[in-house]
Structures are given as structure tokens and as C-alpha cells.
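Subject: Structure handover

Hello,

Here is the structure I promised you. Please open it and keep it on screen while you read my notes below.

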Amino acid sequence: MKKIALFMVLGIITLTSCNAKEAGNKTAQNEINKKENNSNSKTESKMKTIHLTKAEFLTKVANYEANPQEWKYLGDRPAIIDFYADWCGPCKSIAPVLEELAAEYDGQIYIYKINTETEQELASAFGIRSIPSLLFVPMNEAPQMAQGAMPKSAFKEAIETVLLKKK
């Protein structure tokens, strides 16, 4: 009889501790979920790359049809324009880097993306022959073209020196 009572007591203690541990785990998991939700909402509020059509390009970047002889940037902050294609391996490799940079430099620069397959006229207007081609557009200066995939550090240096004039 004493053995049965002892097993019952040990069973109750064990059940209670598992439930307490589970409750503790639920509380810990709730805290993790709250942190993830907060970080996700912060990420969601960050700027992302912006895909442009020709019509949007003409109103947001430069209306080369109205001013074919002169570059006149229409934006209110510097920009990077990524001429890419969905099938292009190097284009795919820099896409996440550009997303990170768009979030990192939120409010300081725009990062536009132009699909050369769907916007062939834009690609032709800028003489795009290889992709990725990146147009760095500073404020009140002529844009500068770069070709090929670049590491994030090279993008950051170009943003700091060419676009933001920090160095």
C-alpha cells in the first residue's frame, strides 16, 4: 500500500513538473514569437526593391522621351537601377543583396529593378547588352553604369561614395 501511495505521489510530482515545464516552454515560445513578430514587422516596414515598368520609369526616374538629349533625374533621392532577367544566374545572386541594401538604406536611396525581358525598350534605350547591368544615379550628376555581379561590400562602397557622397 505504501508503495502504491509512493508511486502515486511521484507520478503527481512528475506530472506537475512536466506541466510546469511545458507551461514554461509555452511562455518562452510566446516570447520568441513576440520577438519574431516584432522583427518581422520591422522588416516589413523597411523599403524593398521597386520593380519598374517603362511608364513608371518615365515618371519616377527620367523621361528620356521628353528629354532625349539631356539626363534629368526625377527622383528625390539617389537610386540604383538593376537591369536583370529572371533566367540570369548572376542576376539571381545579387537579388538578395539588393533587397538587404534596400532595407539597410531605407529612406536614403531607391533600388529599382527593370526586367530586360519585359521592358526591352528600356533596356535598348540604355544600351544594355549584358546583365546584370547596374545604373548608379546620384542626385544632380550624370549616372554611372556598372556591369556584372558585385559583392555587397562593393555595392556599399558605391552607395557611400557615388550616391551618398559620404567618403
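This is a predicted model: local features need pLDDT of at least 70, side-chain atom pairs count only at pLDDT 80 or more; totals for chains, interfaces and linings use all residues.

**What covers helix α3**

Start with helix α3. Its buried residues are covered by elements that include β2 (79-84), β3, β4 (133-137) and α5 (152-163). Which residues of α3 are buried? They are Cys91, Ile94, Val97, Leu98, Leu101 and Ala102. Look at the spacing of those numbers with one rule in mind. An α-helix has 3.6 residues a turn, so residues three or four places apart point the same way.

Now the helix itself. α3 covers residues 89-104, which makes 16 residues. From first C-alpha to last, α3 reaches 24 Å, close to the 22 Å expected at 1.5 Å a residue. Where is the kink in α3? It lies at Ala95, shortly before the proline Pro96, and is about 30°.

The average pLDDT of the protein is 79, and 72% of the residues score at least 70. Take care with residues 1-44. There, pLDDT stays under 50. The model also has zero contacts beyond four places in sequence for that stretch.

**The sheet**

Five strands form an open sheet. Their order is β1-β3-β2-β4-β5, and the pairing is mixed. The edge strands are β1 (50-51) and β5 (144-147), each pairing on one side only.

Some pairs to find on screen:

- β2 and β4 pair in the antiparallel sense over five bridges. Ile81 stands opposite Leu135 in β4.
- β4 and β5 also pair in the antiparallel sense, over four bridges. Ser133 has Gln147 in β5 as its bridge partner.
- The hairpin of β4 and β5 has six residues between the strands. In this hairpin, Asn140 takes a positive phi near 60°.

**Helices across the sheet**

α3 lies across β2, β3 and β4. It runs at about 155° to β3. α5 lies across β2, β4 and β5, and runs at about 30° to β4.

Last, find Thr116. It sits in the loop between β3 (110-115) and α4 (120-125). Is Thr116 buried or exposed? Its relative accessibility is 10%, so Thr116 counts as buried, as the cut-off for buried is under 20%. Which residues does Thr116 touch, leaving aside neighbours within four places in sequence? Its contacts are Phe83, Tyr84, Ala85, Ala123, Ile128 and Ile131.

Best wishes

Conventions: Residues are numbered from 1 along each chain as its sequence is written. Side-chain values use heavy atoms; hydrogens and water are left out. Helices (H or I, at least four residues) and strands (E, at least two) are DSSP runs, numbered from the N terminus. Buried means under 20% relative accessible area, exposed over 50%, partly exposed in between (1.4 Å probe, protein chains only). Contact means heavy atoms within 4.5 Å. The expected span of a helix is 1.5 Å times one less than its number of residues. The bend at a residue is the angle between axes fitted to the seven residues ending there and the seven starting there. pLDDT is the predictor's confidence in each residue, from 0 to 100. Two strands pair if DSSP finds at least two bridges between them. Axes are lines fitted to C-alpha atoms, for helices over the stretch in contact, and angles run from 0 to 180 degrees between N-to-C directions.
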